[in-house]
Amino acid sequence: MNTITHWIGGAPWTGASDRTGPVYNPATGQQTAAVAFADEAAIDAAVSTAKEAFTEWGRTPITRRQNIMFAFRELMASRRLDMARLITAEHGKTLDDALGEVQRGLEVVEFACNIAHLLKGEYSEQVSTGVDTFTTRQPLGVVAGITPFNFPAMVPMWMYPIAIACGNTFILKPSEKDPSASVLAAELFAEAGLPDGVFNVVHGDKVAVDALLTHPDVAAVSFVGSTPIARYVYEKGTKHGKRVQALGGAKNHMVVLPDADMDLAADSAVSAGYGSAGERCMAISVVVTVGDAADALIPKIEERIADLKVAPGFDEGSEMGPLITKEAQDRVAGYVDAGEEAGARLVVDGRDFKVDGHEDGFFLGPTLFDQVTPDMSVYTDEIFGPVLSTVRLDSYGEAIQLINDNPFGNGTAVFTSDGGAARKFQNEVQVGMVGINVPIPVPLSFYSFGGWKNSIFGTHAIYGPEGVHFYTRQKVITSRWADPMHRGVDLGFPRSD
Ligand code: NAD
C-alpha cells in the first residue's frame with residue numbers, strides 16, 4: 001500500500017519513525033493509503049530546514065516573492081482538477097464541491113500576489129525637528145499551520161500563501177485523514193521556483209502538533225479545527241511564547257422571519273445544511289423560525305431533501321457525498337438517536353440510507369428535526385453531519401437572544417424582507433460573520449475570516465488584512481537627520497519640538 005510521506009527541504013522525506021495512520025476512500029469504506037506520522041525528530045528536521053531557509057527567504061526581494069506566488073497560482077489553477085480529485089478521493093465531498101474549495105483557496109493566493117501593497121508602511125515627516133518616524137512590517141520566521149480534514153486544500157491556503165509572501169517559511173501539518181492535497185501543493189511550489197525549505201509538510205497526530213507547539217524555533221502557529229483542540233493549541237502555544245491564532249468549531253443558526261422569501265430560505269437551509277454532508281464550519285445546523293414561519297418553511301425543506309442526490313463524490317450529478325470516517329458516521333447517527341429520544345420530531349431520517357454498490361461507504365442521508373429545544377444534544381453540540389434542527393420561537397428578540405447565549409459564534413444568517421429587521425440583526429447579534437439573506441457568509445480573500453466566542457482563540461482573524469498582520473510584526477523607526485545633529489546631553493523624556 002502507498003505511504004504518503006512528509007515533504008521537507010523541497011523533496012519527499014522518509015526518515016524517522018515507522019508510525020503511520022490509515023487514509024480511506026469514504027465512498028467505499030476501504031483504506032487506500034497509509035500516511036507517515038511525524039515524531040519529534042521529523043518535526044525537528046522540518047523546523048531546522050525551515051529556519052535555515054528563512055535566512056535567505058526573509059530578505060528575498062518582495063517582487064521576487066510575488067513572482068513565485070504568481071507562478072504557483074498559475075500552476076494550481078491549471079492543476080485544479082487534479083487537486084479536486086485528490087480531495088474527493090480522500091475526503092468524499094463531490095468533485096464540484098472540491099473544485100469550489102480549490103477556487104476559494106486560490107483567491108487567497110491571488111490576494112498574496114499583491115503582498116507588496118499590503119506590506120507598505122506608514123511615514124510621518126518632521127515629527128520633531130529633523131526627525132521622521134516610519135513603520136515596516138517584517139516576517140516572524142518559521143511559522144506552522146495545523147489544519148482540519150474538512151477543507152484539505154482551502155484551509156491550508158488560508159494560511160501559507162500569506163505567510164510565505166510575507167517572507168516567513170512554513171510548516172504545514174494537515175489533517176492525517178486527507179493529506180494528499182498538501183503534498184501536491186508542495187510539489188507545485190517546487191515547480192514554481194520556491195526555494196527548498198520555504199514550504200514543508202509534516203503529517204501526523206498529537207505527537208507532531210505537540211512538537212510544533214513546544215519547539216523553540218517556531219515563532220507562530222495558525223490552527224483551524226474543533227474547539228477543544230483549538231483551545232488546547234492556543235494555551236500550549238502561547239505558553240511556549242508563540243503567537244497563536246486558533247479557529248474552532250461552530251453551531252451556526254439561520255433565523256427565518258415570517259416575512260422571508262420562503263423558497264429562498266428553504267433553498268438556503270438545504271444548501272447550507274447538507275452541502276459537503278454538513279462537514280463545514282460555516283454549515284447551518286439550526287434553523288430558528290419565528291412565529292408561524294416553520295409551517296411554511298418545513299414542507300419546502302422536506303420537498304428539496306427528497307430531490308437530493310446522495311452518491312459517491314465522483315458520480316455525475318452527486319450533490320452530497322459520504323462522511324469522512326466510520327466513526328463520524330456512527331457519531332452523527334448517535335445524535336439522531338439522541339434527538340429522537342429527547343422528543344424532537346424527526347421529519348426526515350437519514351440513518352438507514354444506503355448507496356447501492358457502496359454499502360460499506362460512510363453515507364448518511366439528510367436528516368431534519370422539528371421542535372428541537374435548546375437543552376437537547378442535537379442543539380447544544382456541533383454535530384458536523386447532515387442534520388438540520390429546527391427551533392421554533394415566538395419572537396425575533398428570543399431568536400437573537402438564543403444565538404447570543406450560544407457559546408459558539410462563527411457564522412449566522414437572517415432571512416427576511418424587512419431592512420429594519422436585518423439591520424437590528426447585524427447590529428445586535430454576537431457572531432463574527434453575519435449573512436443577510438445569505439446562508440454561508442464566508443468573506444472573500446480581501447476581507448478576513450473569523451468567528452467570535454468559542455469559535456476563535458487569539459486576536460487575529462485568518463487571511464486577508466488580518467492574516468498579513470498575524471504573519472508580520474511591526475517595527476517603528478524614529479530617525480534623525482537634522483542639522484545640527486548634536487544638541488548636548490538631555491536626561492528628560494524625549495519631547496517633540
Ligand atoms: P480536529 O480538531 O479533530 O483536528 C484538527 C487538527 O488538529 C488536525 O490536524 C488534527 O491532526 C489535529 N489534532 C487532532 N486531535 C489533536 C490532539 N488531541 N492534539 C493535538 N492535535 C490534534 O478537527 P477536524 O475533525 O479535523 O475538523 C473539524 C472541525 O474543524 C470542526 O469542529 C469544524 O467546525 C472545525 N473547523 C473550523 C473552521 C473555522 O474556520 N472556524 C474551519 C474548518 C473546520
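**Entry 1. Cysteines**

I looked up Cys281 to begin, and its relative accessibility of 15% makes Cys281 buried; the term buried stands for under 20% relative accessible area, exposed for over 50%, and partly exposed for what lies in between, with a 1.4 Å probe and protein chains only. I note that this is a predicted model, in which local features need pLDDT of at least 70 and side-chain atom pairs count only at pLDDT 80 or more, while totals for chains, interfaces and linings use all residues. Residues are numbered from 1 along each chain as its sequence is written, and side-chain values use heavy atoms, with hydrogens and water left out.

I then turned to Cys166, which is buried at a relative accessible area of 1%. How many disulfides does a search of the whole structure find? I recorded zero disulfides, where a disulfide is a pair of cysteine sulfur atoms within 2.5 Å. For Cys166, the nearest cysteine sulfur belongs to Cys113 and is 13 Å away. In general, a disulfide is a covalent bond between the sulfur atoms of two cysteines.

**Entry 2. Ser175**

I located Ser175 in the loop between β9 (169–173) and α7 (180–192). Helices (H or I, at least four residues) and strands (E, at least two) are DSSP runs, numbered from the N terminus. Is Ser175 buried or exposed? Ser175 is buried, since its relative accessible area is 5%.

The side chain of Ser175 reaches the backbone nitrogen of Lys177 at 3.1 Å. I list this as a polar contact, that is, a pair of N or O atoms within 3.5 Å; within protein, one must be able to donate a hydrogen and the other to accept it, and residues adjacent in sequence count only if both atoms are side-chain atoms. When neighbours within four places in sequence are set aside, Ser175 is in contact (heavy atoms within 4.5 Å) with Thr147, Pro148 and Phe149.

**Entry 3. The ligand**

I next examined the surroundings of the ligand. There are 27 residues around the ligand, and the closest are Thr147, Lys173, Glu176, Ser226 and Glu382; a residue is near a molecule or strand if one of its heavy atoms lies within 4 Å of it.

Which residues place polar atoms by the ligand's oxygen atoms? I found a polar side-chain atom of Lys173 at 2.7 Å from a ligand oxygen atom. A polar backbone atom of Phe149 is 3.0 Å from an oxygen atom of the ligand, and a polar backbone atom of Gly225 is 3.3 Å from an oxygen atom of the ligand. Taken alone, the ligand exposes 840 Å², of which the protein buries 88%; these accessible areas come from the Shrake-Rupley method with a 1.4 Å probe, and for residues only the protein chains shown count as cover.

**Entry 4. Two threonines**

I found Thr169 in strand β9. Thr169 is buried, with a relative accessible area of 0%. A polar atom of the Thr169 side chain lies 2.9 Å from the backbone oxygen of Ala50. Not counting residues up to four places away in sequence, Thr169 touches several residues, among them Ala50, Phe54, Trp57 and Val198.

Thr412 is in strand β19 (residues 411–415). Thr412 counts as buried because its relative accessibility is 0%. What lies 2.7 Å from a polar atom of the Thr412 side chain? I identified the backbone oxygen of His253. I also checked Gly435, which is 23 residues from Thr412 in sequence and 6.1 Å from it in space, C-alpha to C-alpha. Leaving aside neighbours within four places in sequence, the contacts of Thr412 include His253, Phe425, Gly435 and Pro441.

**Entry 5. Salt bridges**

In general, side chains of opposite charge can pair when their charged atoms come close. I counted 22 salt bridges, each being a side-chain nitrogen of Lys or Arg within 4 Å of a carboxyl oxygen of Asp or Glu.

Glu107 and Arg104 form a salt bridge, with the closest N and O atoms 3.2 Å apart. The two are three residues apart in helix α4 (residues 95–112), so about one helical turn separates them. Glu107 is buried at 17%, and Arg104 is partly exposed at 26%.

Arg351 pairs with Asp349 at 2.9 Å in a salt bridge; Arg351 is partly exposed at 21%, and Asp349 is partly exposed at 38%.

Arg392 and Asp370 meet in a salt bridge at 2.8 Å, N to O. This pair links distant parts of the chain, 22 residues apart: Arg392 is in strand β17 (residues 387–393) and Asp370 in strand β16 (residues 367–370). I noted Arg392 as partly exposed at 34% and Asp370 as buried at 0%. Lastly, salt bridges that share partners join Asp263, Asp267, Lys300 and Arg304 into one network.
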